[in-house]
Amino acid sequence: MDTAVDGAMQIFWRLGYAATNLPELLHAMGVSRGSFYKAFGDKHSAYLAALDHYDRTCIGSAVKLLCDRSIGDGAARILRLFEQTGCGESVAPRGCFVCNAMVELGPHDPAVAKKTAAMSNRLQAAIYDALGDVPGLNPYDTESRHRKAAIITRLYLGAQAMSKTGDRNADWKNLLGELLNRRIA
């Protein structure tokens, strides 16, 4: 079933919810109509399962990266997050599935809004933790860390959304260095 859900995630991510028709969805998932309805019931349920899969795989990978001290200090880990896009890919012309979902369905679909907010909050918590490992930042100034984590999360999600148009800012090292008031190696 993971392969089918991954196929759903890929097509919803590339085309969006509204533009994905059922034949395309079934083809991407590699399932028959009957199997689809038995497993998911409807397109919306498949979309929610795809968001859950994105959370487990892509957001999970980002959180793991932000916690991986072998990469370096917190600033180095945050920089690595920005240098990768779309589930660790080096190029993501489809943008970010969470961002796409927030924009397309979030305003009028409470289930999607709740899931995307939870993913954003999970990412922000990992960034907050990484900020506690940035030399020169006071790890005990939790208010400042929370504000910086919120800013960096929104900057990251915005950068992911902008990557859908091919706009990739290659100067993350200097931008993040300025935000963190330090030079990032």
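Reader: Is Cys96 buried or exposed in this structure?
Author: The model is a predicted one. In it, Cys96 has a relative accessible area of 3%. A residue under 20% is classed as buried, so Cys96 is buried.

Reader: How far is the sulfur of Cys96 from the closest cysteine sulfur?
Author: A disulfide requires two cysteine sulfur atoms within 2.5 Å. For Cys96 the closest cysteine sulfur belongs to Cys99, and their separation is too far for a bond. That separation is 3.6 Å.

Reader: How many disulfides does the structure hold?
Author: A disulfide is a covalent bond between the sulfur atoms of two cysteines. For the structure, the number of disulfides is zero.

Reader: How many helices does the chain have?
Author: Read along the sequence, the chain follows the pattern α-α-α-α-α-α-α-α-α. It has zero strands. The number of helices is nine.

Reader: What is the radius of gyration of the chain?
Author: For 185 residues the globule rule gives 16 Å. The value for this chain is close to that, so the chain is as compact as a globular protein of that length. The C-alpha trace spans about 60 × 30 × 30 Å along its principal axes. The radius of gyration itself is 18 Å.

Reader: At what angle do α4 and α6 pack?
Author: Helix α4 covers residues 43-67 and helix α6 covers residues 97-104, and their axes lie 10 Å apart. Their crossing is left-handed. The angle at which they pack is about 145 degrees.

Reader: Which residues of α6 meet α4?
Author: From α4, the contact involves Tyr47, Ala50, Leu51, Tyr54 and Ile59. The residues of the contact of α4 with α6 divide into eight nonpolar, no polar and no charged. On the α6 side, the residues are Phe97, Val98 and Ala101.

Reader: How far apart are the axes of α5 and α7?
Author: Helix α5 (residues 74-83) packs with helix α7 (residues 110-131) at an angle of about 145 degrees. Gly74, Arg77, Ile78 and Leu81 of α5 make the contact with Leu123, Ile127, Ala130 and Leu131 of α7. These residues divide into six nonpolar, one polar and one charged. The distance between the axes is 8 Å.

How values were computed: Residues are numbered from 1 along each chain as its sequence is written. This is a predicted model: local features need pLDDT of at least 70, side-chain atom pairs count only at pLDDT 80 or more; totals for chains, interfaces and linings use all residues. Side-chain values use heavy atoms; hydrogens and water are left out. Buried means under 20% relative accessible area, exposed over 50%, partly exposed in between (1.4 Å probe, protein chains only). Axes are lines fitted to C-alpha atoms, for helices over the stretch in contact, and angles run from 0 to 180 degrees between N-to-C directions. Helices (H or I, at least four residues) and strands (E, at least two) are DSSP runs, numbered from the N terminus. A crossing is left-handed if the near helix is turned anticlockwise from the far one by less than a right angle, and right-handed if clockwise. Contact means heavy atoms within 4.5 Å. Ala, Val, Leu, Ile, Met, Phe, Trp, Tyr, Cys and Pro count as nonpolar, Asp, Glu, Lys and Arg as charged, and the others, Gly among them, as polar. The radius of gyration is taken over C-alpha atoms; the globule rule is 2.2 Å times the number of residues to the power 0.38.
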